[in-house]
Amino acid sequence: KPIQTKNDATLPNIEIKKCNIRFHNISFNYLNTNEKAVKNINLEIEGGTIAAFVGHSGAGKSTIINLLPRFYEPQEGKIFIDNQDIHKSSLFSLRKNISLVSQDVILFDSTVKTNIAYADANATQAEIIRACQFAAADEFITKLPNGYETLIGENGVRLSGGQKQRISIARAVLKKSPIILLDEATSSLDSDSEQIVQNAIRNLTKNKTTLVIAHRLSTIHDADKIFVLKNGLILDSGKHESLINNCDEYKSLYEKQLK
């Protein structure tokens, strides 16, 4: 993972307005293998839209998501946000504009309030409560023994999976970043929790530029653009209806899940 070097700290802050994202000739392979995880990826995501990435395990979905906040650096190619090369912008300013909601929620052995305020240390109590209401978390938090001051244990051991996800979404709401990365957070939840979390995610992503790794294809019918990946390559892209009719790989993935 990259670190903030002295050189990096002197780079200009990225200035995000429209939030258009572009990958140009991106190739990347992990250190332990010569096989490229993604190969010559070219894609464009319009600001304020939802882009979903689908494909079998190992297709390159997570790699694409991880390259945007520079958890890894590509060996080839460039990534631009509003025509600014993210590798020539300060890492701090880049990540300040990105929120990640993943399957693995990292929580601290502290209070609910402290865990949510991690996204913005200067947030007021009212702002934290508002973020939780938006994330469908306030209802369960107020029922905890000490409400927002309840200690949740190491990695949130006292919370259910759905509750952890809503805490994570509340953090992202509080951060107010224009870019949301979703490593789809609902795949291990029961149906009731999944519905609540999906509604919270819809609130979170409204008018934001959102990149989704889709494990359940039924959740991305309304994505503005779906990218179909296989072996590190983009096979096709488009809306759900178009891909069902024109992309065999997507149709196959979708039919397998229906069964």
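These legends accompany close-up views of a predicted model. Local features need pLDDT of at least 70, and side-chain atom pairs count only at pLDDT 80 or more, while totals for chains, interfaces and linings use all residues. Residues are numbered from 1 along each chain as its sequence is written, and side-chain values use heavy atoms, with hydrogens and water left out.

**View 1. Helix H5 crosses helix H7.**
H5 covers residues 125-134 and H7 covers residues 161-175. Helices (H or I, at least four residues) and strands (E, at least two) are DSSP runs, numbered from the N terminus. The two axes come within 8 Å and cross at roughly 125°. H5 is therefore oblique to H7. Axes are lines fitted to C-alpha atoms, for helices over the stretch in contact, and angles run from 0 to 180 degrees between N-to-C directions. Angles under 35 degrees count as roughly parallel, over 145 as roughly antiparallel, 65 to 115 as roughly perpendicular and the rest as oblique. On the H5 side, Glu127, Ile128, Ala131, Cys132 and Phe134 take part; they meet Ala170, Val173 and Leu174 of H7. Contact means heavy atoms within 4.5 Å. By class, the contact of H5 with H7 has seven nonpolar residues, no polar and one charged. Ala, Val, Leu, Ile, Met, Phe, Trp, Tyr, Cys and Pro count as nonpolar, Asp, Glu, Lys and Arg as charged, and the others, Gly among them, as polar.

**View 2. H7 runs roughly parallel to H8.**
Helix H8 spans residues 191-205. The axes of H7 and H8 come within 10 Å and cross at roughly 5°. From H7, Gly162, Gln165, Arg166, Ile169, Ala172 and Val173 meet Ser193, Ile196, Val197, Ala200, Ile201 and Leu204 of H8. The contact of H7 with H8 divides into eight nonpolar, three polar and one charged residue.

**View 3. The largest pocket has a volume of about 950 Å³.**
A pocket is an open set of points on a 1 Å grid over the protein atoms alone, where a 1.4 Å probe fits, with protein on both sides within 12 Å along at least five of seven lines; lining residues have an atom within 4 Å of a point. Grid points are joined across faces, edges and corners, and a volume is the space filled by probe spheres set on the points. The lining holds 25 residues, and Ile98, Ser99, Leu100, Tyr118 and Lys175 lie nearest the centre. H7 gives the most to this lining, with five residues. The lining has 13 nonpolar, four polar and eight charged residues.

**View 4. The second largest pocket holds about 470 Å³ of space.**
Its lining has 19 residues; Ile50, Arg202, Thr205, Thr219 and Asp222 are the closest to its centre. H8 gives the most here, with four residues. Six lining residues are nonpolar, seven polar and six charged.

**View 5. Gly47 sits in the loop between strands E2 (38-45) and E3 (50-54).**
Gly47 and Lys17 are 30 residues apart in sequence, yet 8.7 Å apart in space, C-alpha to C-alpha. Leaving aside neighbours within four places in sequence, Gly47 is in contact with Lys18, Cys19, Asn20 and Thr209.
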